[in-house]
Amino acid sequence: MRQDVDETRRLLLLAGSVGVASTLYAGAPSAATAGGSPTPVDEGAVIGREVTFPPIDAPTDPPGNPPPNPDPPGQRVGFAVVGLGRLALQNILPAFAQSKHARLTGLVSGDPEKMRVIAAQYGVPREACCGYGEMARMRTNAAIQVVYVVLPNALHRDAVIQAAEAGKHVLCEKPMATSPDEAREMIEACRRADRKLMIAYRCQYELANRELVRRARGGELGDIQFVDAINTQDQGDPTQWRQIKNLSGGGSLPDVGLYCLNTTRALLGEEPIEVLARTHSPDRDARFREVEATVSFVLRFPSGIIANCVSSYSLHTQRNFRVLGSSANAEITNAFDYEGQKLIISRRDGNAEAKIELNLGAKNQFSLEMDHMAFCVRNDVEPRTPGEEGLQDQILMAAIYRSAQTGQAVRLEPVSRPDAFRGPALKEGST
Ligand code: NAD
């Protein structure tokens, strides 16, 4: 038996083709090896503009990823990235390589030397690069359809308004702004210009988070009654813009606590009717002269669900999201990180407690969110996370700060419509 398996593997290696492999797996002779002398073949069916392969894994094993079948470069939606800082250079620009519908076609920076180097690395033409105050120049560049704003939070408003006035759709990093009023101005500017505005809530596009939403809303956890969301990290350099209030709008809350807030809202589809919050910062710590380190906030939802959320800039990193239901619990480890998510569901199995760990494969969250924006532009669809979704978080964060200042719970206007501030649900092909 072992010899048979080894012989099959040898033939597979010789044939070098997955299509041939499936034939061998089924026990049929292969054309490529007929007569004992292997010849090269090229398998894979072409259907329209896509290539597919027949499955080679046994049905008892999970299937591998199909070929991504990206759009040809010239047919993708062009994005200009504004702000060439860490997130842009470390995560967003590299993510274009895994995108199927988006491509990098422009850059905006305050540093011409850095922009020249980055433009060369990514093949962006010189005429598609400009300074912060020059976005009006993009108006005549048809290769730029979307402007992706990746600046410090307090600079989002002006950049979004400039981009919309230049006739571009806008993808804006989170947090959308530093106040609800700024967020309203941004929505209004995009509405006036008839351009789409999407907030880059990457977790709503990430696979484990999406799977949890699907299962939880499908009733798999029973009656959900409690959510626990933690997003903490220990900040370094005390001079960085995140610790300067008029650039950031706040401390850990708008930066990392926002993930606890937004992910909880997106899971439940409800809006909180009450918040109660407390903040804490270590004494005499130069990092927290202007902004808070830790925020603990409790959200109460119309259905009675309680969410317990904690964010911090002075605690060792932890990014977990737990959902407790009457018949099962779910947890996503590294829920708010760029990668490494695991969805674990705990429930009874016979007389035992079972933990199922779902490995959903790793897809780049930034590519998924950019592809969604490209899909929305192309098909004239509202993004799943439009400006209104960002505004609602700004309203809730203002209420959280008010509660922390007064020590009192803050009541909020009830919102009865499910997913009231979101665009259509994501479906196959929309990311
Ligand atoms: P960063 O400090 O690394 O980069 C900021 C960029 O803005 C730099 O190129 C800097 O030169 C430029 N800039 C322009 N005016 C500035 C000013 N007055 N002060 C400081 N910098 C100025 O920051 P980052 O981590 O890239 O964050 C940028 C945005 O992306 C923020 O809104 C942040 O919240 C968001 N972000 C999102 C994620 C995510 O996971 N989606 C992760 C990190 C950051």
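Q: How far is the side chain of Asn153 from the ligand?
A: In this predicted model, an N or O atom in the Asn153 side chain is 2.8 Å from an oxygen atom of the ligand. A polar contact here is a pair of N or O atoms within 3.5 Å.

Q: What about the backbone of Arg86 and Leu84?
A: A polar backbone atom of Arg86 is 2.8 Å from a ligand oxygen. For Leu84, a backbone N or O atom lies 3.4 Å from an oxygen atom of the ligand.

Q: How much of the ligand does the protein bury?
A: The ligand taken alone exposes 830 Å², and the protein buries 80% of that (Shrake-Rupley method, 1.4 Å probe).

Q: How many residues surround the ligand?
A: There are 21 (a heavy atom within 4 Å), and the closest are Arg86, Asn153, Arg202, Trp241 and Tyr259.

Q: What are the ground rules for numbering and confidence?
A: Residues are numbered from 1 along each chain as its sequence is written, and side-chain values use heavy atoms, with hydrogens and water left out. Local features need pLDDT of at least 70 and side-chain atom pairs count only at pLDDT 80 or more, while totals for chains, interfaces and linings use all residues.

Q: Switching to helices. How do α5 and α6 pack?
A: The axes of α5 (residues 156–165) and α6 come within 9 Å and cross at roughly 5°, which makes α5 roughly parallel to α6 (angles under 35 degrees). Helices are DSSP runs of H or I, at least four residues, and axes are lines fitted to C-alpha atoms, with angles from 0 to 180 degrees between N-to-C directions.

Q: Which residues of α5 and α6 meet?
A: From α5, His156, Arg157, Val160, Ile161, Ala164 and Glu165; from α6, Glu182, Glu185, Met186, Ala189, Cys190 and Arg192. Contact means heavy atoms within 4.5 Å.

Q: And α6 with α11, at what angle?
A: Helix α6 (residues 180–192) and helix α11 (residues 387–406) pack at about 170°, axes 8 Å apart. They are therefore roughly antiparallel (over 145 degrees). On the α6 side the contact includes Pro180, Ala183, Arg184 and Ile187.

Q: Which residues does a cis peptide bond join?
A: Lys174 and Pro175, with omega about -15°. Pro175 lies in the loop between β7 (169–172) and α6; strands are DSSP runs of E, at least two residues.

Q: What is the phi of Asp194?
A: Asp194 has a positive phi of about 55°, although it is not a glycine. Asp194 is in the loop between α6 and β8 (197–199).

Notes: Angles under 35 degrees count as roughly parallel, over 145 as roughly antiparallel, 65 to 115 as roughly perpendicular and the rest as oblique. A polar contact is a pair of N or O atoms within 3.5 Å; within protein, one must be able to donate a hydrogen and the other to accept it, and residues adjacent in sequence count only if both atoms are side-chain atoms.
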